[in-house]
There are 2 protein chains.
Amino acid sequence: MEKKLAKFKQAVAEIFDIYAAAMMLEWDQQVNMPPGGAERRGNQIATLQGLVHSKTTSKKFGKRLEKLSKYAEELDPDSDDARLIQNVQKFYDTHAKVTPEYTAKFYKTVALAYGAWEEARAESNFAKFQPYLEEIVDLRRQYAEFFAPYEHVYDPLLDVYEPDMKTAEVQAIFNQLRPQQVELLKAIADSPQVDSSFLHLEYDEQKQWDFGVEVITKYGYDWKRGRQDKSAHPFTIGFSVNDVRITTRVDKNYIPTALFGTLHECGHALYGMGHNPAYERTPLADGASMAVHESQSRTYENLVGRSMPFWEHFYPRLQEFFPSQLGNVDLGTFYKGINYVEPSLIRVEADEATYNLHIMLRLELEIALMEGSLAVNDLPAAWNSRMEEYFDLTPPNDAQGVLQDVHWSSGYFGYFPTYALGNLISAQLWEKLSQEMPDIDDQMRRGEFANLTEWMRSNIHVHGKKYKPQELVQRVTGSKIDPAPYMRYLTTKYSEIYGL
Amino acid sequence: MEKKLAKFKQAVAEIFDIYAAAMMLEWDQQVNMPPGGAERRGNQIATLQGLVHSKTTSKKFGKRLEKLSKYAEELDPDSDDARLIQNVQKFYDTHAKVTPEYTAKFYKTVALAYGAWEEARAESNFAKFQPYLEEIVDLRRQYAEFFAPYEHVYDPLLDVYEPDMKTAEVQAIFNQLRPQQVELLKAIADSPQVDSSFLHLEYDEQKQWDFGVEVITKYGYDWKRGRQDKSAHPFTIGFSVNDVRITTRVDKNYIPTALFGTLHECGHALYGMGHNPAYERTPLADGASMAVHESQSRTYENLVGRSMPFWEHFYPRLQEFFPSQLGNVDLGTFYKGINYVEPSLIRVEADEATYNLHIMLRLELEIALMEGSLAVNDLPAAWNSRMEEYFDLTPPNDAQGVLQDVHWSSGYFGYFPTYALGNLISAQLWEKLSQEMPDIDDQMRRGEFANLTEWMRSNIHVHGKKYKPQELVQRVTGSKIDPAPYMRYLTTKYSEIYGL
């Protein structure tokens with residue numbers, strides 16, 4: 001059986017090499033590729049994806065997997081081998097259930113839809129995007145049917161990003177969270193606003209870049225195993241546990257974009273760099289889920305990067321970089337400014353107190369679209385009425401409303417909730433870490449992040465995709481995903497900042 | 001049959017997509033990859049190469065090819081389809097004849113040999129490299145045996161780079177060329193030397209880069225279909241006819257490195273960008289051979305880039321970039337300086353008059369190693385004695401002698417002669433072009449290169465790998481590769497510069 005397992009691992013390694021090569025092509029596409037390369041690049045990526053599919057669903061591989069899945073039942077269910085086989089089984093099931101015809105059609109559709117969405121957003125013309133979105137909604141409903149029977153039609157979509165998570169679970173969490181978030185926001189709105197005008201001055205782009213590099217180097221980002229480039233949309237991508245790259249963008253008139261964007265992507269990257277090296281070339285060398293991934297990016301961006309202890313250390317340095325902009329802004333004012341809360345139209349610009357509400361709005365609409373209770377045609381109106389309900393804001397146009405996010409044009413239904421779940425997990429982890437490391441604030445004040453990153457590494461990063469997200473959160477914190485720590489975190493933080 | 005042909009082309013397209021993806025991984029490795037990524041990258045490239053091999057040699061593909069090869073006999077032998085099938089047949093034969101075990105061993109060996117060569121060169125210690133080179137020589141002799149019977153053991157190696165070219169042909173060309181090159185060099189050596197000291201001043205690196213970009217933009221390098229990066233060793237690589245990238249390196253104390261290196265790589269890139277777009281995703285979207293490729297890089301580097309008409313246009317601009325270094329150097333002095341001839345130890349620094357002799361020396365040694373008449377152990381002595389014979393120079397150590405080039409450590413036996421053949425072809429093409437475009441010098445004086453590049457495109461570039469190198473040269477110039485035009489070019493040029 002050991003020989004069979006070794007052969008199986010070799011076959012898995014080859015599939016995940018092809019997968020990594022496809023990711024390399026995508027990274028290049030977003031970071032370096034000249035426009036002329038686009039058409040052929042599409043072919044190349046499709047060919048590699050086709051190979052992953054055909055290798056995974058080949059009879060030979062299927063038979064091998066069947067034998068090993070039986071063998072896995074004899075193994076310690078928490079052993080790496082058992083979990084690897086389980087993970088590959090799930091990968092196989094997905095590839096075997098979803099027809100290649102569907103996949104080809106889906107990729108073709110989203111490729112066209114992306115262009116249509118870009119145009120529609122630029123012109124704020126939903127009608128231009130509507131037929132594409134209708135097709136995508138239809139395709140994602142078809143996708144769910146491959147996994148029938150299900151508890152809820154949205155479950156198979158959610159499962160792509162949050163293995164084994166159910167729609168009902170997310171709804172229960174959000175139902176608990178929503179009134180508390182709304183209440184907090186109301187309290188903040190009733191308080192005097194803080195000053196954040198200095199964030200909008202002109203900041204030299206290279207200096208912004210250099211400061212970010214200094215911070216993430218202290219966070220533990222390993223430049224021998226990664227690099228940072230510019231791209232239109234920041235992202236993190238790993239081709240190996242020893243090659244995890246980040247991108248950022250710089251806005252010379254708004255310093256938070258590059259700064260917190262860099263810290264955010266670094267959080268993702270530390271996760272990718274921290275997987276057990278033994279998982280290399282297997283599906284285990286990945287995050288447990290998008291929510292757990294987001295918990296890492298949010299920790300380094302927000303719980304650390306927007307905290308007072310962090311800035312007690314870094315603010316004097318930032319003032320050295322930008323004396324004319326920040327020389328007369330004291331630490332307290334700066335801290336309040338970067339934690340400024342205001343209901344706004346745009347998710348990606350949202351603060352910690354409002355962010356989750358943007359997500360809930362999207363989740364409700366996604367579920368309604370998938371259930372068929374909302375037609376794409378009625379989506380803009382549904383969007384706007386919820387914006388009024390949650391934020392008391394009316395988008396002046398669809399570009400700043402229903403057309404703002406790229407996700408739907410790419411077919412990413414099921415993705416949005418992971419952002420909010422990631423916020424919740426980050427606070428749960430932070431409470432646990434603070435119990436085990438009561439001097440964490442003092443460490444941050446001294447600019448020391450090694451113990452923090454080591455705690456994350458040993459509790460979260462090293463396990464890769466071995467555990468399901470809820471299982472992992474339970475193992476580390478003693479309970480499943482729970483909104484209470486996040487609300488405690490927000491309430492404490494904003495009570496101080498806004499004097500609630 | 002048309003259906004069969006379409007299916008065949010689809011299968012070929014997928015193979016060449018994988019091939020292009022592997023090249024992307026190699027480009028990234030040399031341009032961007034952090035050191036940590038190396039190990040896994042090796043796996044990824046090996047996996048993709050293995051896929052190219054298994055797809056090419058699959059029974060299904062073999063049968064398809066067999067039928068089509070018969071069908072091709074009915075086609076116009078000069079039709080694209082006939083040539084495509086022929087090309088794929090050759091690709092298939094090579095993959096089918098060379099065992100996967102050999103290929104795996106070869107790549108493993110050269111991966112280790114490269115490191116050993118780097119160390120050996122750094123320490124000027126041939127003994128450190130010797131066992132690896134012995135294994136590589138042995139492996140390349142084994143490679144030749146896969147293609148037995150052959151006229152000469154070196155033929156199958158040469159064929160990798162120059163399809164259908166025979167060792168005897170190259171030897172005949174070189175035997176004709178050698179005495180004339182030696183005689184010219186002697187005449188130059190007997191003349192007063194020109195001044196080239198100004199090339200060694202300090203030149204701002206960014207300005208060097210910017211000037212190169214200006215020139216190659218005028219050459220016709222299409223930035224929408226390419227990009228330039230820095231790398232330790234300059235190279236050109238194409239992932240599509242619409243994505244052909246170049247790299248360069250900059251030496252702040254020697255301006256020719258970046259300048260002529262950029263022009264050289266641009267010549268390669270124009271070739272790659274000029275292939276018939278209909279050849280995309282087939283083996284025809286490639287150069288006819290390494291020599292024909294080199295003819296393009298040498299044309300834009302030397303016949304154009306080191307010519308007086310070129311500098312009549314560009315020198316005032318270069319002086320604007322570097323007023324303190326070149327403000328007092330007149331055009332005539334500059335022109336002579338960049339065409340300075342001196343026998344030297346290092347091939348990559350060699351001028352146009354001595355370059356081919358470096359190649360002949362290497363070819364003779366390669367043939368002797370492959371024939372078995374020279375042992376690796378005796379190689380340094382053989383190298384040094386030839387250096388004395390050809391250049392009247394004795395390398396002070398092996399780092400500046402037998403260890404200087406990377407090629408042997410990578411197993412590139414058969415590659416060197418293509419450099420010299422490329423020089424010869426460049427002069428042949430130039431004579432033909434000058435006949436058809438008698439005002440080419442005036443065009444260059446006006447900074448106009450569109451007609452030149454269009455001539456190369458329609459005569460050479462567009463055909464890709466459709467024709468064999470000798471066939472292509474014959475089609476365009478009316479004769480096979482011939483050393484006479486190159487000797488005429490050198491004699492005219494240096495007679496003027498050195499007043500022979």
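**Notebook: helix pairs and the A/B interface**

The model is predicted, so I kept its limits in mind: local features need pLDDT of at least 70, side-chain atom pairs count only at pLDDT 80 or more, and totals for chains, interfaces and linings use all residues. Residues are numbered from 1 along each chain as its sequence is written, while chains are lettered from A and ligands numbered from 1 in the order in which they are written.

**Entry 1: α5 and α6 of chain B**

I took helices (H or I, at least four residues) and strands (E, at least two) as DSSP runs, numbered from the N terminus. The axes of α5 (residues 100-123) and α6 (residues 126-145) of chain B come within 8 Å and cross at roughly 155°. Axes here are lines fitted to C-alpha atoms, for helices over the stretch in contact, with angles from 0 to 180 degrees between N-to-C directions. I noted the crossing as left-handed (the near helix is turned anticlockwise from the far one by less than a right angle; clockwise is right-handed). The contact (C-beta atoms, placed from the backbone, within 7 Å) includes B:Phe106, B:Ala113 and B:Trp117 of α5(B) and B:Phe129, B:Tyr132 and B:Leu139 of α6(B). By class, I have 13 nonpolar, two polar and five charged residues in this contact. Ala, Val, Leu, Ile, Met, Phe, Trp, Tyr, Cys and Pro count as nonpolar, Asp, Glu, Lys and Arg as charged, and the others, Gly among them, as polar.

**Entry 2: α17 and α20 of chain A**

I found the axes of α17 (residues 416-436) and α20 (residues 469-477) of chain A within 10 Å, crossing at roughly 20°. α17(A) and α20(A) are therefore roughly parallel to each other, and their crossing is left-handed. A:Ile425, A:Gln428, A:Leu429 and A:Lys432 of α17(A) meet A:Val473, A:Val476 and A:Thr477 of α20(A).

**Entry 3: chain B against chain A**

I see chain B superposed on chain A by a rotation of 180° with 0.0 Å of shift along its axis (RMSD 0.0 Å), the relation of a two-fold axis. Of the residues of chain B, B:Ala21 comes closest to the axis, at 3.5 Å (C-alpha). I count 31 residues of chain B in contact with 32 of chain A. α1 (2-31), α2 (38-56) and β2 (236-240) of chain B each give two or more residues to that side, and α1(B) gives the most, with eight.

Note on methods: Two residues are in contact if their C-beta atoms, placed from the backbone, lie within 7 Å. Copies are superposed by least squares on the C-alpha atoms of residues with pLDDT of at least 70 in both. Angles under 35 degrees count as roughly parallel, over 145 as roughly antiparallel, 65 to 115 as roughly perpendicular and the rest as oblique.
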